[in-house]
Amino acid sequence: MNTQQRYQEFSAREARGHSTTYAELTEGVATDRDLLALIDLLPQPKRQPNLLLAAVRFLGGPVNGYPAFRTWAIDHWPQVRATILERRTQTNEPGRCACLLPVLAGLPQPLALIEVGASAGLCLYPDRYRYVYNGRTRIGSDTSPVTLTCDAQGDVPLPEAPPEVVWRGGIDLNPLDVRDREDVRWLESLVWPEQDRRLRMLQGAVEVAAAEPPLLVRGDLNEAVRELLAQAPAGATPVVFHSAVLAYLSSTEREAFTETMRGEHAHWISNEAAGVLPSVQQRLARPVPQDRLTFVLAMDEKPVALTGPHGQWLEWLNGP
């Protein structure tokens, strides 16, 4: 896709129905030659709609109406560009733990968790959150500052309790620190307008992580995952997982990571957009809906569920 097509696709498939504000803004960008020309001067990975929108919000720019957004973004382009080049799309969505929970809880306990593309590590605490499925099935402590809700469809093996996690570590090219106000403000800027509930979940998850900050390492995912697996304590089941991460890698990098995971003695849980991992896509027994952005949850490359990108829904396919 060229830049215009990326913004059109984002408006139509990702934002529409979830954020009226972002659907309107990205539709406007897609037809704006001046702003598209500025975006196209950025390195290709930095032209993402989410990154532009978050940068403007992080800098205090307006997002209510395209004319004001356009004028401000162009007038402040040096600052917007600098923020885009410095930051990354690191949407640390704790809601995705609601989709990971049935798989994590079904493994031999306790667990040693390693998250690839961990951002601030908020998805490393599935044992600290409370879950509500279909408005009635409740799992986890009532005292948790985070309650995750999920529409579960099919024969989802919902557990009676969250998994037991005895060790947790994460990898990121640019780890964020939950104790750093600017890093937290960037995470908040990545939550879409109108999604106040997601923002509250994020803030609660930051509270959980700040009480016991995770081990986060900066580095290449292939080398770092081996180093962290070597640190996992004996007696714990090692699990490497990631959500909405591999789409930012080239196909060559994805293939290298796949080979790395096939060579490690650890369970591999992926939760990525349909088509991102060919080995997973080839094993799907049914087509993925095209009218909405859909992730495929897989265990050791075997698809087990279709999921919403923010963990808002889960459709079980088969057991791991």
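The chat below covers aromatic contacts, cysteines and cavities.

Me: What kind of model is this?
Reply: The model is a predicted one.

Me: OK, aromatics to start with. How many aromatic pairs are there?
Reply: There are 6 aromatic pairs in the structure. One of them is Y131 with Y133, a stacked pair with 6.4 Å centre to centre and 10 degrees between the planes.

Me: Are Y131 and Y133 buried or exposed?
Reply: Both Y131 and Y133 are buried.

Me: And F257 with W268, why is that pair edge-to-face?
Reply: The planes of F257 and W268 stand at 90 degrees, with the ring centres 5.7 Å apart, so the pair is edge-to-face. The cut-off for that class is over 60 degrees.

Me: Where do F257 and W268 sit in the chain?
Reply: F257 is in helix α11 (residues 251-262) and W268 is in strand β8 (residues 267-273), 11 residues apart. Both F257 and W268 are buried.

Me: Which residues make up the cluster?
Reply: F10, Y22 and W192 form one aromatic cluster.

Me: What sits over the ring of F58?
Reply: The charged end of R185 does, 4.0 Å from the centre of the F58 ring.

Me: Switching to cysteines. How many disulfides?
Reply: The count of disulfides is 0.

Me: What about C99?
Reply: C99 is in no disulfide either, and its nearest cysteine sulfur, in C150, is 4.6 Å away. C99 counts as buried, because its relative accessibility is 0%.

Me: Which residues line the largest cavity?
Reply: The lining is T91, N92, E93, P94, L187, V191, R198 and L202. By class, 4 are nonpolar, 2 polar and 2 charged.

Me: And the second largest cavity, what is its volume?
Reply: The volume of the second largest cavity is about 40 Å³. Among its lining residues are S270, E272, G275, L277, Q281 and V296.

Me: Which element gives the largest share of that lining?
Reply: β8 does, with 3 residues. The elements that give two or more residues are β8 and α12 (278-281). The lining of this second largest cavity has 6 nonpolar, 3 polar and 1 charged residues.

Conventions. Residues are numbered from 1 along each chain as its sequence is written. This is a predicted model: local features need pLDDT of at least 70, side-chain atom pairs count only at pLDDT 80 or more; totals for chains, interfaces and linings use all residues. Side-chain values use heavy atoms; hydrogens and water are left out. Rings of Phe, Tyr and Trp (its six-membered ring) pair if their centres lie within 6.5 Å; planes under 30 degrees apart count as stacked, over 60 as edge-to-face and the rest as tilted. Buried means under 20% relative accessible area, exposed over 50%, partly exposed in between (1.4 Å probe, protein chains only). Helices (H or I, at least four residues) and strands (E, at least two) are DSSP runs, numbered from the N terminus. A charge sits over a ring if NZ of Lys or CZ of Arg is within 6 Å of the ring centre and within 35 degrees of the ring normal. A disulfide is a pair of cysteine sulfur atoms within 2.5 Å. On a 1 Å grid over the protein atoms alone, a cavity is a set of points where a 1.4 Å probe fits but cannot get out, and a pocket is an open set with protein on both sides within 12 Å along at least five of seven lines; lining residues have an atom within 4 Å of a point. Ala, Val, Leu, Ile, Met, Phe, Trp, Tyr, Cys and Pro count as nonpolar, Asp, Glu, Lys and Arg as charged, and the others, Gly among them, as polar. Grid points are joined across faces, edges and corners, and a volume is the space filled by probe spheres set on the points.
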